[in-house]
Each structure stands twice: as C-alpha cells, then as structure tokens.
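The sequence and the model come first, and the description follows.

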Amino acid sequence: MQNDESEPSVYALGPDDAFPFTCGPENVCFNACCRSLSQALSPYDALRLSRRLGISTGEFLASRVLIVIGPETGLPVVTLAPGPGDDQPCPFVTAEGCGVYQDRPGSCRTYPLARAAGRDKTTGQVREKYYLVREAHCQGHGAGRRWTAREWVESQGLSVYNEMNDLFLPVLGAKKKTGNARLSQEKARLFLMSCYDPDAFYGVLARGKAPAGGKLPDRPPATDEDALRFGLAWAAEVLFTLP
C-alpha cells in the first residue's frame, strides 16, 4: 500500500546501501524541516544546547523546553519549545539555516536517516539499525553525492551523540521493568535532575550526599560528559528502585 503524501516513507538500509542526498540553501525546501516542531531532546542534546547558549542546564530546562509525559513509558519527555508563529518554527532556525548548527540535536544530524538502537539482552552490546526517511516536503533526495549510513554518521559528527544517547538506554530499560505508570512527583524531579540537569545534580553531590542513596563519584567530573554519564548511571541503577 502506498503511503499518503503527508506520511513519510521509511526504508531499511543495509550496511553498504547508498542513498543520494543533499541539503543546503540551494534546495527550494531549505529550512522546511525546521517547522511544525515536535523535537524531543535527549539528555546529551539538552547539555550541548545549554552550553551553546551559555546557560546552566537548569536554566535551559526552565526556559527552553516543554515537558510532557510519555504515554508508553510514564517518563517525562523533554521537547524543544517552538519559536513564535503559527508554523511552530524551531527557535534556532534563521534565514541562513540553523543558528546552533555545531550543537544541533542528534535527530537533526541524523536526518534524512533515522536510527533505532537497543541493547542485546544476552551481551549487553548496543545494536543499531538505520532507515532512510523520505518526506514530501524534502527535495534533497536523489541529488548530490551518494552516502552510506556509516559515511553519513561520520560526516555529521554523530558518533559522540550516538555514544552518549546509548547511555540513556539502561535508564529506559530500568523504567520499562517497572511498567508504564507515571512517576511520582518526586521521582519525576529526580529523573529530570539526574538525566537532564547535571549542573544541579552535581551541586547536590558536591555537598557530599547522593540524592536518595547511591554511591558518590570517586572524583569530580573532568568534563560535562562525565557529569552526565554519572547522572544517567545513577538513574538506571538507583532511581527506579526507590519506594
């Protein structure tokens, strides 16, 4: 059955499958994908954007996002708040393109691909698959150079995003074991702090006490990424065991 024009077509990509694609101001659809915003942010997306804006992770959560409850997980879902206008544009889009291009979210970098990742239950290794997404508004397909998924990942600086986003998988897995019930207000607060607000989380740790239990880090984090890694590990190991 053929998809309606408003629905994207999705094609699985093998390791060596190539697709022709180009995106830039020369495309008549340039910036069209930055409208009708429904941009979920991973913890690493939020961290990178907060640093790009020169604000704390707490300030970013308070001023730049919307938070809804995911019906399938019961977890708070952090989405980027759209800019003004009926077409709900990305707040960072400009006539020249993305205003935060070097720190744009992972899903923006991945497009026109989509990445599905999960952990093997036996080995714990991350397994990933890529899909080509074709939407009616995008005119970049069929033009430009040919890419494999591996080449696209390298060209878009996705490796660090994929690595950091995969650290969120154990958190989602730990919550899944408890069912899809909505978190209590306190657990939701701790989830957002440990996963999306490493500045606040480490402010608590610096006072010598891990929130609601759990071990303290052996040393202060050397990087923002280290701080986020610790918060994600705490959420996966401790948060969902709390009463």
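In the hairpin of strand 3 and strand 4, which residue takes a positive phi? The section on the hairpin gives the answer.

## Overall form

The model is predicted. The chain contains nine helices and nine strands. Its C-alpha trace spans about 55 × 45 × 35 Å along the principal axes.

Of the 243 residues, 41% count as buried. The accessible surface comes to about 13700 Å², and 52% of that belongs to carbon and sulfur atoms. Among contacts between residues at least 6 apart in sequence, 68% join residues at least 24 apart.

## The hairpin of strands 3 and 4

Strand 3 (residues 65–69) and strand 4 run antiparallel and are joined by five bridges. Val65 has Leu80 in strand 4 as its bridge partner. Six residues lie between the two strands, and the residue with a positive phi is Gly74, at a value near 75°.

Strand 4 covers residues 76–80, and four of its five residues are buried, so this strand is largely enclosed by the rest of the structure.

## The nonpolar core

The largest nonpolar core has 56 residues. Helix 7 gives the largest share of this core, seven residues. The residues with the most contacts inside the core are Phe19, Leu113, Val171, Phe191, Cys195, Tyr196 and Leu239. Nonpolar side chains tend to be buried together in soluble globular proteins.

Beyond its neighbours within four places in sequence, Val171 is in contact with Phe191, Cys195, Leu232, Ala235, Ala236 and Phe240.

## Helix 8

Helix 8 is formed by residues 198–205, and its buried residues are Pro198, Phe201, Tyr202, Val204 and Leu205. Viewed down the helix axis, these buried residues fall within an arc of 150°, so they line one face of the helix.

## Cys98

Cys98 belongs to strand 6 (residues 97–98).

Leaving aside neighbours within four places in sequence, Cys98 is in contact with Phe92 and Arg104. Cys34 is 64 residues away from Cys98 along the chain, and their C-alpha atoms are separated by 8.6 Å.

Terms used:
Residues are numbered from 1 along each chain as its sequence is written. This is a predicted model: local features need pLDDT of at least 70, side-chain atom pairs count only at pLDDT 80 or more; totals for chains, interfaces and linings use all residues. Side-chain values use heavy atoms; hydrogens and water are left out. Buried means under 20% relative accessible area, exposed over 50%, partly exposed in between (1.4 Å probe, protein chains only). The arc is that of the directions from the helix axis to the C-beta atoms. Two strands pair if DSSP finds at least two bridges between them. A nonpolar core is a set of buried Ala, Val, Leu, Ile, Met, Phe, Trp, Tyr and Cys residues joined through side-chain atoms within 4.5 Å. Contact means heavy atoms within 4.5 Å. Accessible areas come from the Shrake-Rupley method with a 1.4 Å probe; for residues, only the protein chains shown count as cover.
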